[in-house]
Each structure stands twice: as structure tokens, then as C-alpha cells.
Amino acid sequence: MSIKTISILGSTGSIGCSTLDVIEQTNNNYSNNIGDLRFEIIALTANRAYKQLIEQAKKFKPKMVVLVEKEHCDEVVEALNPLGIKISFGPEALIEAAQMQSDMIMAAIVGAAGLGPTIEAAKRGANILLANKECLVCAGDVFLKTAKENNAKILPVDSEHNAIFQVLQNPKEVEKLILTASGGPFLNTHIDNLYDVTPEQAVAHPNWQMGKKISVDCASLMNKGLEL
């Protein structure tokens, strides 16, 4: 039986929630003597979704939780203090969470806010499950250099990047790579009609429930630029 420890930076977002779903299924298999792998959660972090963070912490019993926005810190403390979970607040607490020892870290914080803690994880040689494209777009040279110097491994978990990662295990067999794009809610919208679309339309993705930033990136195809 093998136990792996993991911290999830951005546990209340779509990637973070999916990660917890996988962990729950894996641990259930372990408990039922079906699987031979079990995950122990070290840290969960969220920006402002404090109610969801509380629910996750009660369910998965991490050693530490972080809420970046401090407005609802009292509610978090009241709910989780009896469980003996370490509770921290503010952007600096993300760094602390990333520095905590764990076998792997899911880097799922949206945007440039995820850069600092992910680099801290690289400094301690963690196995980084990278769902944050901006780490590479904003500071790819620094991030990759830090990972190499500290023997940190980076595994892309974003769907397109992970597919390409698998394909490039045999790079001599690859002639061309194609990134697909739909434009989300504007897939069948004529280009002349895009000038009048609203933010509400842009975030109404027909297939996925995502945060506003990612949804707009998808609708505008900016996400394809980040992937490239």
C-alpha cells in the first residue's frame, strides 16, 4: 500500500474540485481494498470561497487551510478550529502552504497569483502538477530554471498540455501539433456579431462551469494564446 501526500493550491476552482473528486475515488478504492494508492491532503487554499473551503476541509481533513481574502476569517476559524487544522490568511499564507512538505502539489490558482507559491514549491523540489499556464507565460525562464536547479518535476495537467506531453514522449514521430479551439459560447457566432457581445454572454460556456477569467479567455480564444 502506498500513501502519497498532496497540497492543492486553488482547491475551490474547477481544477481543484476535480482533483479532490479523483482523490476521493482513489481513497475509497483504498478503503475498500480495491486500490493500492491513497492520498493524504496537506494543504487546501482558496481565494474567497470560504464556505466551500470549509466544506472541503471538514471532508478531507488537511493539515492546513489558507483563505487569501480575510473578510470571512472569523467564520473559517469558528468552523475549523475544533478540528485542529492550521488556518492562515492572506497572500503570504499561500507561500507558506507551498513550502509545506508534500510529495506533490497541484498548482491550480488562476492567473499570475499562482506564480509565487508555485515557484516556492519548485524551490523545495516538489512534484508540480501544473494547471496554471500563467506560470510559464509570465516567468517561464525563471520557473523552469528554479525547477531544474532543485530537481522539481513538472507535469502538465491542463488537458491540451497533458495530451501534447504524452505525444512528445516520442518526438521523432511527431510532424505537427494542432491546438483545437471552439470559442465556447461564440462557436457559431459570426465575427461581425462579436463586437456587441456582453460579459454575461462570454462567461456562459455551454459545456463547462468555470471561473469568469477562464471563461472569458475561452470565449475570446486568449486561452489558446496562453496554451501556445
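Me: Hello! In which loop is K61 placed?

Reply: K61 is in the loop between helix 2 and strand 3. Everything here comes from a predicted model, where local features need pLDDT of at least 70, side-chain atom pairs count only at pLDDT 80 or more, and totals for chains, interfaces and linings use all residues. Residues are numbered from 1 along each chain as its sequence is written, and side-chain values use heavy atoms, leaving out hydrogens and water.

Me: Why is helix 2 called roughly parallel to helix 3?

Reply: Helix 2 (residues 50-60) and helix 3 (residues 73-80) pack at an angle of about 15°, and their axes are 10 Å apart. That angle makes helix 2 roughly parallel to helix 3, since the term covers angles under 35 degrees. The crossing of helix 2 and helix 3 is right-handed.

Me: Which residues of helix 2 meet helix 3?

Reply: From helix 2 come Y50, I54, A57 and K58, which meet E75, V76, A79 and L80 in helix 3 (contact means heavy atoms within 4.5 Å). Sorted by class, the contact of helix 2 with helix 3 has six nonpolar residues, two charged ones and no polar ones.

Me: What about helix 4 and helix 5: why is that pair called roughly parallel?

Reply: The axes of helix 4 (residues 91-99) and helix 5 (residues 115-123) come within 8 Å and cross at roughly 25°. With that crossing angle, helix 4 counts as roughly parallel to helix 5. Helix 4 passes helix 5 in a right-handed crossing. On the helix 4 side the contact uses L94, I95, A98 and Q99, while helix 5 brings G116, P117, E120 and A121. By class, five residues in the contact of helix 4 with helix 5 are nonpolar, two are polar and one is charged.

Me: How do you know that strand 6 and strand 7 pair?

Reply: Strand 6 (residues 127-130) and strand 7 (residues 153-156) share four bridges in the parallel sense; pairing takes at least two bridges found by DSSP, so these strands qualify. One example is I128, whose bridge partner in strand 7 is I154. Together with helix 6 (residues 134-149), strand 6 and strand 7 make a right-handed β-α-β unit. Strand 5 (residues 104-107) also pairs with strand 6 in the parallel sense, over four bridges, and the bridge partner of M104 in strand 6 is N127.

Me: In what order do the seven strands of the open sheet come?

Reply: The order is 4-3-2-1-5-6-7, with parallel pairing.

Me: What makes strand 4 and strand 7 the edge strands?

Reply: Strand 4 (86-89) and strand 7 each pair on one side only. From one strand to the next, the twist averages 25°.

Me: Which strands does helix 3 touch as it packs on the sheet?

Reply: Helix 3 touches strand 3 (64-67) and strand 4, and its direction makes about 175° with that of strand 4. Helix 4 lies across strand 1 (2-9), strand 2 (37-46), strand 3, strand 4 and strand 5, running at about 155° to strand 3.

Notes:
Axes fitted to C-alpha atoms, helices over the stretch in contact; angles between N-to-C directions. Helix = DSSP H or I, 4+ residues; strand = E, 2+ residues; numbered from the N terminus. Parallel < 35°, antiparallel > 145°, perpendicular 65-115°, else oblique. Left-handed = near helix turned anticlockwise from the far one by under 90°. Nonpolar A, V, L, I, M, F, W, Y, C, P; charged D, E, K, R; others polar. Right-handed = clockwise from strand over helix to strand, strands pointing away.
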